[in-house]
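Me: I would like to learn how to read a structure feature by feature. Could you take me through this one slowly, giving the general idea before each case?

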Amino acid sequence: MAVPSQRLIKLVAEAVGDASCVVALGGGADSAVLLASTVAAIGANRTRAVFVAHGLETSPLLEIAATAITARCGVPLDVRRAPVEEGPNLEARARDARYAALAVAVHQGELLLTGHTQDDQAETVIMRLAQGAGATGLAGIPATREGIVRPFLAVSRADLRDEADAIRLPYVDDPANADDRFTRSRTRASVMPILESSYGDETKSNLARSSELLRVDDAYLDELAAGITVRVDGARAFVPAAAIATLPPPVAARVVRRAMKSIASPGFRGTSRDVSSVVAAATEGGTIQLGSGWLA
């Protein structure tokens, strides 16, 4: 098998070091090149691939491609079944099911690698901006977090496709990527071309750079917020009111969000309005009703 470019191999090698790796293989060009690059960087004996089958219409096509890609790269394929029913919020439900299945598939000491690209990063920033996200959301997709590594966040989707064609990897295009039911598909097909026609070919890299700059700011604010103790007692979380009332607003908000996450139910994690209400309760005193029956 022809090997990918040294640039891609180096990106993987620098990202994973001495660790063994599991590549999340979706059957498309991005993850196919990631698998080939990982094998070239650390060897087939330290590389595995996992394909998550959701039982959707396109799943058999993608599984066939994933099987062919792993055969070409000389690594085993672990197929995990994580059925997702058609219906509302399919995109998010499939993503959650996929990451849950991948988490189980990864062995202790292994890193999970995903083939997210610079295009994915730019699309994420645009979608989160439209949702009113703050610095944490606009920081986009992290390159590393909790054992997940994304070596190709600075590489365009087009470059990876060209690489896959050059080394003749047997990938397929997922028809779901063109399904206009999904927000990301609509963003990719409609919003990004308009932005690029106005701001040029550097639009995606500029958006990715903005996310990186915000990630640095976000990490600093998180570090400041981590200095405030949050105590959890069952379904209650306690934060020092004096600190919340006197901290700079971005830091206070992060402390409150951390407290909310510590006691959140699956259906409710607290809204921006709830965060503001908790800060108001700390500043002004009294009791304030939050969402989902919570009280501050």
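**Reading helices and strands**

Reply: Helices α8 and α9 are roughly perpendicular to each other, a label for angles of 65 to 115 degrees, while under 35 counts as roughly parallel, over 145 as roughly antiparallel and the rest as oblique. This is a predicted model, in which local features need pLDDT of at least 70 and side-chain atom pairs count only at pLDDT 80 or more, although totals for chains, interfaces and linings use all residues. Residues are numbered from 1 along each chain as its sequence is written, and side-chain values use heavy atoms, with hydrogens and water left out.

Me: At what angle do the axes of α8 and α9 cross?

Reply: Axes are lines fitted to C-alpha atoms, for helices over the stretch in contact, and angles between N-to-C directions run from 0 to 180 degrees. Helices (H or I, at least four residues) and strands (E, at least two) are DSSP runs, numbered from the N terminus. Here the axes of α8 and α9 cross at roughly 100° and come within 9 Å. Contact means heavy atoms within 4.5 Å, and M192, L195, E196 and Y199 in α8 meet T203, K204 and L207 in α9.

Me: Where does α8 bend?

Reply: A bend at a residue is the angle between axes fitted to the seven residues ending there and the seven starting there. Helix α8, residues 183-199, bends by about 35° at V191, with a proline, P193, following within four residues. After α8 comes G200, whose phi is positive, near 90°.

Me: Which residues of α8 are buried?

Reply: Buried means under 20% relative accessible area, exposed means over 50%, and partly exposed lies in between, using a 1.4 Å probe and protein chains only. In α8 the buried residues are S185, T187 and M192, and what covers them includes α5 (118-130) and α9 (203-225). Within α5 we find Q118, which counts as buried because its relative accessibility is 15%. V279, by contrast, is partly exposed at 23%.

Me: In what order do the strands of the open sheet lie?

Reply: Strands of a sheet pair through backbone hydrogen bonds, either parallel or antiparallel. Two strands are taken to pair if DSSP finds at least two bridges between them. In this model 6 strands form an open sheet with mixed pairing, in the order β3-β2-β1-β4-β6-β5. Strands β3 (77-81) and β5 (144-145) stand at the edges with a single partner strand each, so one side of each is left without a neighbour in the sheet.

Me: Which strands run parallel to β1?

Reply: Strand β1 pairs in the parallel sense with β4 (residues 110-113) over 4 bridges, and 4 bridges also join β1 to the parallel strand β2 (residues 47-53). Strand β1 (residues 20-24) is largely enclosed by the rest of the structure, because 4 of its 5 residues are buried.
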